[in-house]
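Me: Could you take a close look at one part of this model for me, the place where the small molecule sits? I'd like a connected account of what surrounds it.

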Amino acid sequence: MRIFLDTANIDHIRHAAKLGIISGVTTNPSLVAREESADFKAAILEICSIVGGPVSAEVLSLDAEAMIEEARQLSSWHENVVVKIPVSEAGLEAISVLSRENIKTNFTLCFSANQALLGALAGATYVSPFVGRLDDIGHQGMEVVKDAVEIFEYYDLPTQVIAASLRHPLHMVSAAKAGAHVATVPYNVLMQMIRHPLTDIGISRFAEDWRKVIEK
Ligand code: E4P
């Protein structure tokens, strides 16, 4: 399972990239709005210069024609830009046109296996089931990831599943066990994955024991 960072924060992206563990980045309008830069294009280009993998940037248009135009614009910014298109009839129409133009897409705001299947049939490069938001309303969000992975494997569909809207480290383990091709993770969850109190205790105990040897 590859890991993408789910943020538009440049410092966080720089840090995670330095650790050598992320293969891409996903943004959305809310994540971009949280940052200081008002220049969307500049922000996406800066992210592309840090991470040598797919960088998702979302369209804001709601009708198919405008989505397609916006997607063409976004994808012309950099070869690694993947255009996020929300689930809707217009979104499916846009993806089917864009896939024929070899423009990479991420079918986003996906909350069911049926939506994921339709995205794959339209030619989406990725589909993103939003696990945490489903959990929030009392559903088993990871089931959508599992179902989509199983369906795509069964029918040999090339679309990749991005487990999205992940909220804690256990989501990452479940996504990996569900066979998600990618998990897109917030920076704080990525940091939590690295840490373990027993590791911290172990490191300080080793240092302490070794200091005793030196001080003998
Ligand atoms: C995915 O591409 C989205 O940006 C993201 O995972 C949404 O997460 P949220 O539900 O925490 O906003």
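**The ligand and its pocket**

Reply: Happy to. Sorted by class, the lining of the largest pocket comprises 6 nonpolar, 7 polar and 5 charged residues. Please keep in mind that this is a predicted model. The volume of this largest pocket is about 270 Å³. Its lining has 18 residues, of which Asp6, Asn28, Leu31, Arg133 and Ser165 are the closest to the pocket's centre.

This pocket is also where your ligand comes in: the space that the ligand takes is the largest pocket. The residues around the ligand are Asp6, Thr26, Asn28, Leu31, Lys84, Phe130, Arg133, Ala164, Ser165 and Arg167. By class, that shell divides into 3 nonpolar, 3 polar and 4 charged residues.

For Ser165, an N or O atom of the side chain is 2.7 Å from a ligand oxygen. Asn28 places a polar side-chain atom 2.8 Å from an oxygen atom of the ligand. Arg167 has a side-chain N or O atom 3.0 Å from an oxygen atom of the ligand. As for cover, the ligand taken alone exposes 350 Å², and the protein buries 86% of that.

Terms used
Residues are numbered from 1 along each chain as its sequence is written. This is a predicted model: local features need pLDDT of at least 70, side-chain atom pairs count only at pLDDT 80 or more; totals for chains, interfaces and linings use all residues. Side-chain values use heavy atoms; hydrogens and water are left out. A residue is near a molecule or strand if one of its heavy atoms lies within 4 Å of it. A polar contact is a pair of N or O atoms within 3.5 Å; within protein, one must be able to donate a hydrogen and the other to accept it, and residues adjacent in sequence count only if both atoms are side-chain atoms. Accessible areas come from the Shrake-Rupley method with a 1.4 Å probe; for residues, only the protein chains shown count as cover. On a 1 Å grid over the protein atoms alone, a cavity is a set of points where a 1.4 Å probe fits but cannot get out, and a pocket is an open set with protein on both sides within 12 Å along at least five of seven lines; lining residues have an atom within 4 Å of a point. A molecule sits in a cavity or pocket if more than half of its atoms lie within 2 Å of its grid points. Ala, Val, Leu, Ile, Met, Phe, Trp, Tyr, Cys and Pro count as nonpolar, Asp, Glu, Lys and Arg as charged, and the others, Gly among them, as polar. Grid points are joined across faces, edges and corners, and a volume is the space filled by probe spheres set on the points.
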